[in-house]
Amino acid sequence: MSQLLTLTVPSSARARSLVTSRGTFAALDMAPESSVPHMGTALMVPGFMGSKEDFLPMLPPVSRAGYRVVTIDGRGQYETGGIHPPATYAREELAQDLTAVVEAVGDGPVHLVGHSYGGLLARVAVLHTQGDPSLWRSLTLMNFGPAEVSAQQRERLRLLLSVLDSMAPEEIWPFLGGHDATVPDDVRSFMRTRWLANDRSHVKAAAEHLLTEPDHTAALAAIDLPKAVVSGSPDLTWVPEGVAKMADALSAQLIALPGGGHSPNVHRPEETTAALTKFWDAITTP
C-alpha cells in the first residue's frame, strides 16, 4: 500500500476533473512558480491502492524548479473511482488511459513518473506507444522493479485476492496495515476512505498485474527515451539490488535514496525532487 504522512495541499495546486477521450480523471494540477522559467510538465502516476495525494510533498519543490506537475487518480482509484468492467483494467487499456491524460493535459511531451504499480503502468504506456516523442520527454520508474513483486508481497497479494469476493471492503480494511503509530489520525482516516472508494475490479486487476508482470527490461531498453530509476530503501516490494540491475540494463540514471523506503516521494521528497529536476533539466537544456 502507498504511504502518506500529510494531506496538506499547496494553495496553488488546483484540484480538477481532467476530461479525456477515455473518461474523466481526478487530478491535482500545479503550475510552475511565476518567478522561474517554465521548464516542462511532469505527470505522476500513483501506485497500488494509492492516489494523487501520494505526491503532495513533491508538488512545491517541483513547482519551484520550474515544472508544472499533474498527479492523477487512475481508472477505478479513489476520486476517479467508478465501476468499470474488468476488461477495461487490462494493462494495454490502462496504458491508453495515460496517453489520453497527456493529450488532455495539453502541455506535452511530459516527464512521466510512475511509483510502484504506477511504474508498471508507465512502462506499459511507453512500450505501447513505442516511446512516442510527442507524448513522453522522459520516463522515471520509482521503486518499481523489472518484473513481478517479491515472494513476500506475492503471498500478501494472493491473500487479498482470496477474500476480495467474499468480504466487504470495510471488513478487509483492518488487515491492510493502517495501524502505523507514526501516521496521523487524519491521514489514517483518509487512507480508509480511499480504500473504500476503490473499484473492486481495479484492486483485483492491479494485484494480478503485480503477481504476473513479465520482465520487459530489454524491450524498454530499446526505446530511445531518457530514463531514470529511483530506488528508495529499504524496500520489501522490489529489492534495491534488483532495481539497480534493471537501471543498469536500461542505461538509466539510478537515483538511490537510502531512508526513502518504498515511498521516497513521501519520506525524502526534497531529495527525490532535486535529483529528478536535475535529470529533467539536463534533458531540457543539454
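## Basis and contacts

Contact here means heavy atoms within 4.5 Å. Leaving aside neighbours within four places in sequence, Leu160 is in contact with Phe48, Met49, Ile172, Leu176, Trp195 and Val203.

The model is predicted, so that local features need pLDDT of at least 70 and side-chain atom pairs count only at pLDDT 80 or more, while totals for chains, interfaces and linings use all residues. Residues are numbered from 1 along each chain as its sequence is written, and side-chain values use heavy atoms, with hydrogens and water left out.

## Nonpolar cores

A nonpolar core is a set of buried Ala, Val, Leu, Ile, Met, Phe, Trp, Tyr and Cys residues joined through side-chain atoms within 4.5 Å, where buried means under 20% relative accessible area (1.4 Å probe, protein chains only). The largest such core has 62 residues, of which Phe48, Trp136, Leu160 and Trp195 touch the most other members. Helix α3 (residues 117-128) gives this core its largest share, eight residues; helices are DSSP runs of H or I with at least four residues, strands runs of E with at least two, numbered from the N terminus. A second, separate core of 23 residues includes Leu59, Tyr67, Ile255 and Trp280.

## Backbone exceptions

Most residues other than glycine have a negative phi, and most peptide bonds are trans. Tyr78, in the loop between β4 (67-72) and α2, has a positive phi of about 35° and counts as buried at 14% relative accessibility.

A cis peptide bond, with omega about 0°, joins Gly108 and Pro109, and the bond from Ser233 to Pro234 is likewise cis, with omega near 0°.

Notes: Buried means under 20% relative accessible area, exposed over 50%, partly exposed in between (1.4 Å probe, protein chains only).
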